[in-house]
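This briefing covers salt bridges, a sheet with its helices, and a pocket. Look over the sequence and the structure, then read the points by topic.

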Amino acid sequence: MSLETMLSSLNSRQRTAATMNNQHALVLAGAGSGKTKTIVARAAYLIAQGVPAHRIQILAFTRRSASEIVARVKSLLGSQASQLRASTFHTWCMGLIRRAPAAFGAKNFSVIDRDDQKQLFGVLRGKTKGKADNLPTAAQLCDIYSFARNTGQSLTQALKRNNPEYLVVKAEIAPILRAYEEKKQERHYLDYDDILDLVAQRMNDSPEVCRWVGKQYDHLLVDEMQDTNP
């Protein structure tokens with residue numbers, strides 16, 4: 001399929017979104033309305049209009065989705081789109097940190113994954129005196145901690161929302177979460193939530209860092225923006 005054929009297959013709203021000249025735009029669309037198809041058309045349109053592919057960054061929620069978008073654009077434009085970049089939010093943020101660790105206050109930090117988190121929470125949970133059998137599992141502690149961070153809620157709010165049965169041991173859970181934060185600082189660890197938070201906060205607080213990031217791209221295209229956390 002050529003780009004022209006794809007653009008002609010879009011409905012009028014999709015085509016407007018794919019070919020707009022706005023510097024900033026938020027496109028509201030419901031489930032099954034062709035959001036990803038429109039992102040693909042938008043990226044292809046920009047490249048066809050002369051925007052270098054490497055100056056476009058696409059952000060998606062899964063690696064599979066990111067790969068699919070790039071593959072579909074390449075199927076339209078071939079080698080012209082060979083340097084198009086798409087990634088998950090975590091991968092993109094980690095790439096920024098690795099390129100400029102000092103700018104993000106993350107020199108000499110190591111990234112830990114969920115298995116590492118569970119192991120650390122398991123150790124801290126085991127040190128709780130008396131009520132360990134009544135506490136959430138290490139995996140549940142990971143989820144409680146991550147949900148509270150990503151939604152900006154307190155421990156009480158997070159438990160009421162997802163794990164009300166553990167409100168009775170909130171006083172035992174809270175020090176475990178604090179100890180987890182302390183261990184991360186002590187060992188220079190960054191978990192996946194830290195990666196997002198660190199980049200968001202630094203870009204919000206530092207015009208210099210924000211400019212540095214902005215200079216690397218002409219366009220940021222975000223798929224499924226409605227699912228982004230604060």
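A salt bridge here is a side-chain nitrogen of Lys or Arg within 4 Å of a carboxyl oxygen of Asp or Glu. The model is predicted. In total, 11 salt bridges are found in the structure.

**Salt bridges**

- Side chains of opposite charge can pair when their charged atoms come close.
- Helix α6 (residues 114-126) holds both Lys 118 and Asp 115.
- Lys 118 and Asp 115 sit 3 residues apart, about one turn of the helix.

**Sheet**

- Strands of a sheet pair through backbone hydrogen bonds, either parallel or antiparallel.
- Here 3 strands make an open sheet in the order β2-β1-β5, and the pairing is parallel.
- β2 (85-88) and β5 (219-222) are the edge strands.
- Each edge strand has a single partner, so one side of each has no neighbour in the sheet.
- From one strand to the next, the twist averages 25°.
- Strand β1 (residues 56-60) runs parallel to β5, and 4 bridges join the two.
- Gln 57 has Leu 220 in β5 as its bridge partner.

**Helices across the sheet**

- Helix α4 (residues 63-77) lies across β1 and β2.
- The angle between α4 and β2 is about 165°.
- Helix α5 (residues 89-99) lies across β1, β2 and β5.
- α5 runs at about 105° to β2.

**Second largest pocket**

- The volume of the second largest pocket is about 150 Å³.
- Its lining has 5 nonpolar, 2 polar and 5 charged residues.
- α9 (170-187), β4 (189-190) and α10 (192-205) each supply at least two lining residues.
- Lining residues include Gly 105, Ala 106, Phe 109 and Arg 149.
- Glu 181, Lys 184, Gln 185, Tyr 189 and Leu 190 also line the second largest pocket.
- Asp 194, Asp 197 and Leu 198 are in the lining too.

Note on methods. Residues are numbered from 1 along each chain as its sequence is written. This is a predicted model: local features need pLDDT of at least 70, side-chain atom pairs count only at pLDDT 80 or more; totals for chains, interfaces and linings use all residues. Side-chain values use heavy atoms; hydrogens and water are left out. On a 1 Å grid over the protein atoms alone, a cavity is a set of points where a 1.4 Å probe fits but cannot get out, and a pocket is an open set with protein on both sides within 12 Å along at least five of seven lines; lining residues have an atom within 4 Å of a point. Grid points are joined across faces, edges and corners, and a volume is the space filled by probe spheres set on the points. Ala, Val, Leu, Ile, Met, Phe, Trp, Tyr, Cys and Pro count as nonpolar, Asp, Glu, Lys and Arg as charged, and the others, Gly among them, as polar. Two strands pair if DSSP finds at least two bridges between them. Axes are lines fitted to C-alpha atoms, for helices over the stretch in contact, and angles run from 0 to 180 degrees between N-to-C directions. Contact means heavy atoms within 4.5 Å.
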